[in-house]
Amino acid sequence: MVVCDHVEGVVSTPQGPFWGPMAHGFACGAHIPVHVSSPWNALDDPVRDYAENRESLADSWGVTTEEDWSRQVGYLLGGMNIGPEVDAVLDVRRTLLRQQGHYDLLTWENAVANRSRRQGGDPGEMVRLAGVITRYESRFRTDGLLPHNGIVTSVFGYDFGRAVNMARWGYGGRFCDYPTAERIVLRAGELCRQHYTSWADFSAGYALGRVIRFDEEQYGHMYVSVLGPHRLLMGDRTSPWWHVPFA
């Protein structure tokens, strides 16, 4: 799969859904197809893309069998691939906001450290994550990934969005049939609605998950390659995010 930082436009296929639950599920996985200029509303063709999909899954995910693929789908839909640590830190902030209506970084870091100690974790690492999140959110606001004073509510959207693409590649690689892939797309969409309230909210969570996983505060390719699709999906009137309701 060719990856570049230049995003040309939103591509769709007339045979794919543009409305309803399947369109919503596909739209939750739109960052990746938009980035590589492929249709957001279709599964890969198992006749045309069989070998390419299998090679890509083996290289990028270590997936070589149907069991490997199914296991990865389970991890993604369970939010286990991104891992629970970042969302645990975000949950502390959600609790502060629910209880107090506001927070500051020092209060958040202290609360994170206290919860980590109670749970037998590493307070230093969890406090570090709070700082990383704060710095990324500041950059997100500058670059339009978040509104002024906006915050990320969850990073699980990164796994859910990738689950849609795992369904796409799994069908294209003949690791599953069409109904199975369809169920995964629908489930990913349902999970996104449980954790987010809008496309903008979801996209910020997806972006934070990606950059924390891969960017290491370099603001390099991994950052640019999610910023470009976000801007296009939010701003281009051909984007599914303009015509598919999130909720």
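The paragraphs below take these topics in turn.

This is a predicted model: local features need pLDDT of at least 70, side-chain atom pairs count only at pLDDT 80 or more, and totals for chains, interfaces and linings use all residues. Residues are numbered from 1 along each chain as its sequence is written, and side-chain values use heavy atoms, leaving out hydrogens and water.

Start at serine 203, in helix α10 (residues 199-214). Helices here are DSSP runs of H or I, at least four residues, numbered from the N terminus. Serine 203 is buried because its relative accessibility is 0%. Buried means under 20% relative accessible area, exposed over 50%, and partly exposed in between, with a 1.4 Å probe and protein chains only.

The largest nonpolar core has 71 residues. Helix α8 (residues 156-172) gives the most to this core, with 9 residues. Such a core joins buried Ala, Val, Leu, Ile, Met, Phe, Trp, Tyr and Cys residues through side-chain atoms within 4.5 Å. Trp69 and Phe202 are among the residues with the most contacts inside it.

The model has 12 salt bridges, each a side-chain nitrogen of Lys or Arg within 4 Å of a carboxyl oxygen of Asp or Glu. Aspartate 143 pairs with arginine 139, closest N and O atoms 2.8 Å apart. These two are 4 residues apart in helix α7 (residues 123-143), so about one helical turn separates them. Asp87, Asp91, Arg94 and Arg115 form a salt-bridge network.
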